[in-house]
Amino acid sequence: MPIHTRNPRRAWTTPLVAALITVVALLLPAPLAASAAAASPGAPDESGPVYFYDRAVRESVWVDTGIDGDGDGRADRVAVDVIRPREPAEQGLRVPVVMDASPYYSCCGRGNESQKKTYDAQGNPVQFPLYYDNFFVPRGYAVVLVDLVGTNRSDGCVDIGGRSDIASAKAVVDWLNGRARGYASRTGRAAARADWSTGAVGMIGKSYDGTIANGVAATGVPGLKTIVPIGAISSWYDYYFAQGAALFGSGPDALADRVESPAARGRCQAVQRALADGAPRNGDWTPLWSERDYLKDARKVRASVFAVHGMQDLNVRTKHFGQWWDALAGQGVERKVWLSQAGHVDPFDFRRESWVTALHRWFDHYLMGYDNGVEREPMADIERAPGQWTTDRVWPPRATAPTILRPAPGPAPGVGTLGTRPAPAGAVESFTDDPRLDESDWASRVDETTPAKAGFTTPPLTADLRLSGSSTVRLTVTPSTASAHLSAVLVDLGPAVIRDYAASGEGIRTLADRTCWGSGTTGDSGCFRRTESDTASVAHTVFSRGWADLGHHAGLSHGGPLTPGRPYTITLDLAATDHVVPAGHRLALIVAGTDARLVEPASTTPRVTVDLARGEASLPFVGGSRAFARATRHSDPAYERPGAPLNGLRPPAPALLR
């Protein structure tokens, strides 16, 4: 839970001091007023709902992006819907901005209830999806919702996280800071100026929206003070491929077709072809992916980052969060993270009250200048069981260190051990790729000889063992055919109650009743359907995954056919996680071929031989090798393995980004 601090100076505030603060704030230039009031002795430590939501200014603006993506001979204008409190404008004061740039406002909707933008007969905005406007506008913020190019009421063409997408959102940040041109209509010449904005912008959004926030932050645009990416992509290649292995049945052109406005589909066929041609399904890294890789520009990020991700998100996998987090850490970016046990779910729907409180304090600090201590609080909130959270001052914890574990032969073929001792020279295990099977099939029979996997387990642990961060698995394998896909998964073998991330709600159940989070009007309610945890009892939990195409063993730039019978060495990157394997449970590493529903199969179904003596897993244990030694010190290597299959969740085929 976040720690809620109160300003100790508030107790001796007198009405006279408060009045003087107000007068000073009114006399200062508008951009300085909020921060001056927030920093003054006796000032409140959070913004309050002091403005009337039903009086708010609602308006639409079209911002010039400077790009002619649709080739019609004029710069594209992106549609921007704004809602802001009227009273500050009447007093000559300016307000900061909460901004969500999205392609989904007309095609698909936002939030658990798939809300879309709505307009009155004159085209004025009525409904602003989600709760941001209902909660933050009465507290002195403007909320700005941007239709990405090619969507809803914007010009241009969607290019799936590329130059036009990022430029269209960046242009709005520039407009809010007086550096870009805005217009009162899509084609007119009447100027629209953001003279009501302080220029301080916080971008937020889930999925595609959060991805755009990452991309805009990576431009280093001045005025973007913070971003809150939720289940967001950090490199688009890693959304569609895992080290050369295709993850979906289509590429970025299919997503563009899904989100574009009907008019854009007609005028953007050249962009669609470029997306298809630039993203071949062979898994090669191309210039298209370089343009959509935000990691390389992490050095430009000036904004603070509050990241949220579901550790069982099989749509935007936690590899995206992990590599973005590491890149930001390398640049010293101020950051915070929430990691849930859910799938691709917004924190408003798995921890609502705590989330709104945390987000409010975060924006108050970074956009309004309140000295509320949020930047000094624990860096990470981690969900350990449904609804049960812990915190870490730093994430990963400072005691975390990579520890090398090695697979070794066990009592039966394909049933091996996992420990610190290397396997003897010449020790091997083999499996035959079966594209019909998945991680749940492998894990449920980890203690049995089965043809499609090789499993390696520790004895039952005598102490809890925590993994925090990203893992790698290095394998030397020999395929029997000219193509092969590999999977490596980490499994907690033992009973648990977890969020049912494989169900339609991905760990939440939506209820009929509603809770209210701010003011509302007839056309834009501040009340949303309540949710609760959707749980499942399991005997094993897959908590980290990695996949690769062996044909890309030498790098991503160019894959190729394999020589049957020749050994190849490849390192699989496993998604970031934070998981505690409890005492009494076992930790397992499973190596197999195609992970059904998650990875597309290779063109052949090879038999793969694994050289155990050259295999190793680098795992981020909190406490390092000493923690692993402590957790296995008194374990009996001759333990009796369970005889019945271990039930777990069968992962669904993830839908396209949403």
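User: How many nonpolar, polar and charged residues are in the lining of the largest cavity?
Analyst: The lining has 9 nonpolar, 5 polar and 6 charged residues. Ala, Val, Leu, Ile, Met, Phe, Trp, Tyr, Cys and Pro count as nonpolar, Asp, Glu, Lys and Arg as charged, and the others, Gly among them, as polar. This is a predicted model, in which local features need pLDDT of at least 70 and side-chain atom pairs 80 or more, while totals for chains, interfaces and linings use all residues. Residues are numbered from 1 along each chain as its sequence is written, and side-chain values use heavy atoms, leaving out hydrogens and water.

User: Which residues lie nearest its centre?
Analyst: Arg-317, Lys-319, Arg-545, Trp-547 and Ala-575 do, out of 20 lining residues. A cavity is a set of points, on a 1 Å grid over the protein atoms alone, where a 1.4 Å probe fits but cannot get out; lining residues have an atom within 4 Å of a point.

User: And what volume does the largest cavity have?
Analyst: About 190 Å³, taken as the space filled by probe spheres set on the points.

User: Which strand gives the most to that lining?
Analyst: S24 does, with 5 residues. Strand S10, helix H12 and strand S25 also each supply at least two. Strands (E, at least two residues) and helices (H or I, at least four) are DSSP runs, numbered from the N terminus.

User: Moving on, how much space lies in the second largest cavity?
Analyst: About 130 Å³. Its lining has 14 residues, with Gly-111, Asn-112, Leu-130, Phe-348 and Asp-349 closest to the centre. By class, 5 are nonpolar, 3 polar and 6 charged.

Conventions
On a 1 Å grid over the protein atoms alone, a cavity is a set of points where a 1.4 Å probe fits but cannot get out, and a pocket is an open set with protein on both sides within 12 Å along at least five of seven lines; lining residues have an atom within 4 Å of a point.
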